[in-house]
Amino acid sequence: MALVGLLAGVNVGLPQILMVIIPATLVGTLLATLSVAWRGKDLADDPEYLRRVKEGTITDVAAQKSLEGIARRRAIGSCVVFLAAIAIVVGIGLFPEARPAYEKVVEDVTETGQVEMGRAIMIIMLAAAGIIMILFKASPRPRSRAAS
């Protein structure tokens with residue numbers, strides 16, 4: 001979405017950007033996956049991983065419990081809100097007429113315009129963050145490394 005704001009003055013819209021980004025992302029992800037698929041050791045055999053678990057800087061993957069109950073519902077709800085915000089951003093990028101219009105009166109002259117794409121993205125994503133914090137009790141404070 002940052003690219004939309006960066007290229008706003010060049011008359012390049014979201015549909016053109018998506019025509020390049022989606023195939024490039026899929027090909028890049030596939031190649032990256034294939035390049036590391038058979039590299040390295042399993043976690044149980046990796047000395048660096050075992051050292052970090054022993055020092056307590058990370059938690060053993062096998063010892064971690066999965067999210068259950070209210071924590072799981074909050075995580076799923078947060079993801080749904082975030083994905084909905086992304087869908088809205090893509091929607092207003094594909095259909096610019098869906099972006100809100102505004103009127104501004106300066107010295108008895110009424111100026112009309114449409115919210116810029118970059119600002120619309122910021123508004124939507126900040127609103128989504130607020131909804132996630134209020135409805136799903138997400139904290140804006142980062143978790144400590146020892147707790148993760």
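Before we start, a rule for charges: Lys and Arg count as positive and Asp and Glu as negative, while His and the chain ends are not counted. The place of a charge is NZ of Lys, CZ of Arg, CG of Asp or CD of Glu.

This is a predicted model, where local features need pLDDT of at least 70, side-chain atom pairs count only at pLDDT 80 or more, and totals for chains, interfaces and linings use all residues. Residues are numbered from 1 along each chain as its sequence is written, and side-chain values use heavy atoms, with hydrogens and water left out.

**Exercise 1. Find how far apart the mean positions of the positive and negative charges are.**

Step 1: count the charges, which gives 16 positive and 13 negative ones. Step 2: compare their mean positions, and you get 11 Å between them.

**Exercise 2. Describe the fold pattern and the overall spread of the chain.**

Step 1: list the elements. There are 5 helices and 2 strands; these are DSSP runs numbered from the N terminus, with helices being H or I of at least four residues and strands E of at least two. Step 2: read along the sequence, and the pattern comes out as α-α-α-α-β-β-α. Step 3: check the spread. The radius of gyration is 22 Å, well over the 15 Å that the globule rule gives for 148 residues, so the chain is more spread out than a compact globule. (That radius is taken over C-alpha atoms, and the rule is 2.2 Å times the number of residues to the power 0.38.) Step 4: look at the C-alpha trace, which spans about 70 × 40 × 25 Å along its principal axes.

**Exercise 3. Work out what share of the chain is buried, and which residues form the largest nonpolar core.**

Step 1: sort by relative accessible area: buried is under 20%, exposed is over 50%, and partly exposed is in between (1.4 Å probe, protein chains only). Of the 148 residues, 14% count as buried. Step 2: join up the core, meaning buried Ala, Val, Leu, Ile, Met, Phe, Trp, Tyr and Cys residues linked through side-chain atoms within 4.5 Å. The largest such core has 12 residues, among them Val81, Ile92, Met117 and Phe136. Step 3: ask who contributes. Helix H4 (69–94) and helix H5 (117–136) each give two or more residues, and H5 has the largest share, with 7.

**Exercise 4. Say where Asp108 and Lys137 are found, and give their phi angles.**

Step 1: take Asp108, in the loop between strand S1 (101–106) and strand S2 (109–114). Its phi is positive, about 65°, although Asp108 is not a glycine. Asp108 is exposed, at 78%. Step 2: take Lys137, in the segment after H5. Phi of Lys137 is near 55°, again positive in a residue other than glycine. Lys137 counts as exposed at 53%.
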